[in-house]
Amino acid sequence: MVSAKHYFQDFVGLLFPNLCNACGTPLFRGEHLVCLNCIHHLPYTDYHIHFENRVAKQLWGRMEFEAAMAMLYFRKGASIQNLMHNLKYNQKTEIGLLLGRLLGDKLLESSLYKGIDFIVPVPLHPKRLQKRGYNQSAFIAMGVAEKIEVTVNEGLLLRTTHTDSQTKKNRYNRYQNMKDVFSVESSEPLCNKHILLVDDVITTGATIEACANALTKSGVAKVSIAALAFAD
């Protein structure tokens, strides 16, 4: 028998529908943030099981890393863009946790992502963090951490220089924009460790490259990379 509580919830849902953050359609009972149809049809890659994937190849010769992957293809105008926009600009931090858990599940399937000591999200500069109120990559990292049971450490890697947006820059200018932007607060906790570096979207890889190089210089033994999406 359907309870009065469920009838009331359905009535409220008709007046104030809880919408999918990917496609905008009303969510059914039991769905949260993203409808099951959208989750099923997200543009998944299989990069977590193939070392020679497009993300890794883009970073070859630019930095030292154990493995690199992105869970999804970023496509403009598609549901993934809506999700990333809501996560990054509309205070929908729970999306980061949800997608981070999905990313963590992928990493558990992979033989490439073993022996991680710390998860480090790509940091924001304090000015941007203050303006936005949160670091979207940190919430992704927390979702990953729930699945792979590894500690997130937001204080190890710092963004010391405030840079312009990368959106309209070409590949070379993105690299120049990110040189010497990141530093390590203390190298002692990182010495001989295997770090999982987590970001939201990888495009040219300039940000990830700068982060990884800063970590390697601090004495990190291994750096692995995992992002939600890859935009080529």
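A: Phe118 stands opposite Ile195, and Ile195 belongs to strand 5. The model is predicted, with local features needing pLDDT of at least 70 and side-chain atom pairs 80 or more. Residues are numbered from 1 along each chain.

Strand 5 covers residues 194–202, where a strand is a DSSP run of E with at least two residues, and a helix one of H or I with at least four. On one side, strand 5 pairs with strand 2, residues 118–121, in the parallel sense over 4 bridges (pairing needs at least two). Strand 5 is also joined to strand 6, residues 222–230, by 8 bridges, and these two strands again run parallel.

Between strand 5 and strand 6 comes helix 9, residues 206–217, and the three elements together make a right-handed β-α-β unit (clockwise from first strand over helix to second, strands pointing away from the viewer). As for covering, 8 of the 9 residues in strand 5 are buried (under 20% relative accessible area; exposed is over 50%, partly exposed in between).

Tyr47 and Phe230 form an edge-to-face aromatic pair, 6.5 Å centre to centre with 65 degrees between the planes (centres within 6.5 Å; planes under 30 degrees stacked, over 60 edge-to-face, the rest tilted). Tyr47 lies in the loop between helix 2 and helix 3 and Phe230 in strand 6, so the pair links parts 183 residues apart. Phe230 is itself buried, with a relative accessible area of 3%.

How values were computed: Side-chain values use heavy atoms; hydrogens and water are left out. Buried means under 20% relative accessible area, exposed over 50%, partly exposed in between (1.4 Å probe, protein chains only). Rings of Phe, Tyr and Trp (its six-membered ring) pair if their centres lie within 6.5 Å; planes under 30 degrees apart count as stacked, over 60 as edge-to-face and the rest as tilted.
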